[in-house]
There are 4 protein chains.
Amino acid sequence: MNSRSEDVYADQGFGQDLEIVSPLALLVVDFQNGFVDPAVFGGGNAAEAAAKAKGLLALAREHGWPVAYSRCVYADDRSDANVFTEKIPSSYVLTENAPESQIVDSLAPMEGELVVRKQFPSAFFGTTLASWLARQGVKTVVVAGATTSGCIRASVVDAMCHGFIPLVVEDCVGDRSVAQHDANLFDMKMKYAAVKTFDEMKELDAVKQ
Amino acid sequence: MNSRSEDVYADQGFGQDLEIVSPLALLVVDFQNGFVDPAVFGGGNAAEAAAKAKGLLALAREHGWPVAYSRCVYADDRSDANVFTEKIPSSYVLTENAPESQIVDSLAPMEGELVVRKQFPSAFFGTTLASWLARQGVKTVVVAGATTSGCIRASVVDAMCHGFIPLVVEDCVGDRSVAQHDANLFDMKMKYAAVKTFDEMKELDAVKQ
Amino acid sequence: MNSRSEDVYADQGFGQDLEIVSPLALLVVDFQNGFVDPAVFGGGNAAEAAAKAKGLLALAREHGWPVAYSRCVYADDRSDANVFTEKIPSSYVLTENAPESQIVDSLAPMEGELVVRKQFPSAFFGTTLASWLARQGVKTVVVAGATTSGCIRASVVDAMCHGFIPLVVEDCVGDRSVAQHDANLFDMKMKYAAVKTFDEMKELDAVKQ
Amino acid sequence: MNSRSEDVYADQGFGQDLEIVSPLALLVVDFQNGFVDPAVFGGGNAAEAAAKAKGLLALAREHGWPVAYSRCVYADDRSDANVFTEKIPSSYVLTENAPESQIVDSLAPMEGELVVRKQFPSAFFGTTLASWLARQGVKTVVVAGATTSGCIRASVVDAMCHGFIPLVVEDCVGDRSVAQHDANLFDMKMKYAAVKTFDEMKELDAVKQ
């Protein structure tokens, strides 16, 4: 995205700020071993983002925010084959017990935190995540995970659709391609979400309170 | 996206071809006056894509494919305000009877074609589109419309999630920013959809039959 | 349902009380002319329920609760024909401008109240209702409308699925068949919702506050 | 439901026949040990329905129909607690590895058949079932399982909403309360589904072909 793009968007009224309102929840999307390992689906700034997300997770727990995780997981017998796996057949490695599909140790879920299994990009599609957030009256969903151009983007769009304010922590989301990471952050900033660094996020009133 | 990105994706197994299977349907996303007019939400290659889509629509009708349209429309009293309109308040111009919200004349729906009104990027969210396609046993959804980086991308991801094969006709989708158009076509090609020019599409077996 | 049924349900742990938690919203389902008119889809206790709902609507507005309505509406050209209309072809009378599809005068929506159009029993299916409620942090959805055995039951099940506590006001929901009204209230009381009379509801802490 | 109810429904145009169209799929809802055992959530005609469903499953496999199952399953740590479990806290027995949550031996899934885990009544809510059916171009969903007044009813309504023709095999669905079984079959027959005995179903053209 070049400066000319940004001008067009500004001229047409895009990219307004979203007010961040509590209660907040944290959503950790697909920070599974396979998505930080460059030999599987990782690379680019993904591992760096996972490392940074440790601080974000600690902050969320400290504040007592609801914490939800998604894992991309497919059936051992491939009975749940779909268009997404047809496009990326290497995804079948992500079976329930495969090392590649486990959440990275440093971000392991704690008792009482929700883990949804998904077969599509969005953490909301075919899961009970929106219902779980609504039941707790959550208004803002803070998003970390991988990959920015895939499951983050799809989850952010759906968070907005389901009535939540998406807050993307830009240094806690990563992608195998930094160019696509940037292009997708631009789209999200212009149309769907608040996009902040972890340091900026910590200074928000809704977070400090 | 540079060649380095493409290498990473290829190495990790992304971007496989999708077999295009009939029955097909055509989905025309948000080709409303406002999205082809550079003074509203248009610009870039949007008007050109709408012009090209005329031939695609004619082809679909000739073959008797189900044809569905989406229109982005908001309530006059803004009772349906949402995070998307908070991000882009200029969207409120798209009321039911505003000229900006009408489908462009050259692509006007015919009797029996479905028109869904939507308040979010995806033509599937908060609409009965997936249900309507499933009832007709549709397997492939051919997609035209605007904008590539917004409602096309979101509708393509959702078409895939709902079980349909998305076929994006790349010269029949447009965007105010050609850079974002390209970046989003790359993501769709790598992860979610078949991406073909109109000429390539016409040569597919599932289309010629 | 006889006393033997109730025993089975109690023995197996069904029918526990739900705590009613604010914020509350009011959902008025299909109180359209056609659903209170015995010559169309009304009859039984439907008209009586609509009359009673006037007080409930006044209470909701007094408390400043979000108020949403659903209308069952089909396209003039029947392009949105579905399995539900195939089962009940007389539904096609409910076009956008037909007198039968208008909300009854005594319950007419006010500016800022949401009206969703639907083509299926649940007010949530193919609409943005869940999103609209979530955005406002609503926790309990008070339900009135018609018919108990159809669109009320479906909307109540979906309210629960989407993360909201359904509170059915039993004298503000009606049905052409009182036997089916009773059978469905039993199911909802045992499995999905709090069921209270309007007078009982007014005494709840979450309402009085 | 008495004859007077049936008259009202007939007079208002309800209860038309649905044409059963192939391709068909079989959906087996919650035939888990706990739902046939009268000491857990079974009783009434549930066990009898499960016994009868064996023949239906054999027929489906013989014809090569896609077969899907739902299991009601909750997290060991109750992180997925919801309004449904608040209404029926005894549901928490249905953890992934509990004997009560396993599908009955006589109907055990085979490799390649889909099993979705659900936390709400409908086999479609929060699952990828509709997507899986759509991808295979399925038009009619044959439904067996438990309980008629709960997860069958909710799944049948949702099958219809998602664009599929529901065909309830009335002697292959069961309920702890026969009165509620009957009341719900009446609603489904009048508004949402074809309802046939197994013997009647076997004679349908779409099945015999």
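1. On conventions, residues are numbered from 1 along each chain as its sequence is written, while chains are lettered from A and ligands numbered from 1 in the order in which they are written. Because the model is predicted, local features need pLDDT of at least 70 and side-chain atom pairs count only at pLDDT 80 or more, whereas totals for chains, interfaces and linings use all residues; side-chain values use heavy atoms, with hydrogens and water left out.

2. Where does Ser122(A) sit in the chain? Ser122(A) is found in the loop between S3 and helix H5 (129-135) of chain A, helices (H or I, at least four residues) and strands (E, at least two) being DSSP runs numbered from the N terminus. Ser122(A) is buried, with a relative accessible area of 2%; buried means under 20%, exposed over 50% and partly exposed in between, with a 1.4 Å probe and protein chains only. Leaving aside neighbours within four places in sequence, Ser122(A) is in contact (heavy atoms within 4.5 Å) with Ala154(A), Ser155(A) and Asp158(A).

3. Val115(A) belongs to strand S3 (residues 114-118) of chain A and is partly exposed, its relative accessible area being 25%. Once neighbours within four places in sequence are set aside, Val115(A) is in contact with Tyr69(A), Arg71(A) and Pro109(A). The C-alpha atoms of Val115(A) and Leu27(A) are 9.8 Å apart in space, although the two residues are 88 residues apart in sequence.

4. How many residues does each chain bring to the contact of chain A with chain B? Chain A supplies 54 residues and chain B supplies 54 residues. The area buried between them is about 4100 Å², of which carbon and sulfur atoms give 57%; buried area is the accessible area (1.4 Å probe) that two parts lose on being put together, summed over both. There are 33 residue pairs in polar contact between chain A and chain B, both residues at pLDDT 80 or more. On the side of chain A that touches chain B, at least two residues each come from helix H1 (3-11), helix H4 (83-87), helix H6 (148-161), strand S5 (165-174) and helix H7 (178-191), and H7(A) gives the most, with ten residues. By class, that side of chain A divides into 30 nonpolar, 14 polar and ten charged residues.

5. Chain A can be laid on chain B with an RMSD of 0.0 Å by a turn of 180° and a shift of 0.0 Å along the axis, which is the relation of a two-fold axis. The superposition is by least squares on the C-alpha atoms of residues with pLDDT of at least 70 in both copies. In chain A, the C-alpha nearest the axis is that of Ala183(A), 3.2 Å from it. The same surface serves both copies, as 100% of the contact residues of chain A recur in chain B.

6. The contact between chain D and chain B takes twelve residues from each of the two chains, and about 730 Å² is buried there, 53% of it on carbon and sulfur atoms. Four residue pairs, both residues at pLDDT 80 or more, are in polar contact across this interface. Helix H5 (129-135) and helix H6 (148-161) of chain D are the elements that give two or more residues to the side of chain D that touches chain B, and the largest share, three residues, comes from H5(D).

7. A rotation of 180° with 0.0 Å of shift along its axis superposes chain D on chain B, with an RMSD of 0.0 Å. Of the residues of chain D, Gly137(D) comes closest to this rotation axis, its C-alpha being at 2.3 Å. The copies meet through the same surface, because 100% of the interface residues of chain D are also interface residues in chain B.

8. Ser131(B) lies in helix H5 (residues 129-135) of chain B and is buried, with a relative accessible area of 8%. Apart from neighbours within four places in sequence, Ser131(B) is in contact with Phe120(C) and Phe125(C), and also with Met160(D), Cys161(D), His162(D) and Gly163(D).

How values were computed. Polar contact = N/O pair within 3.5 Å; in protein donor to acceptor, adjacent residues only side chain to side chain. Nonpolar A, V, L, I, M, F, W, Y, C, P; charged D, E, K, R; others polar.
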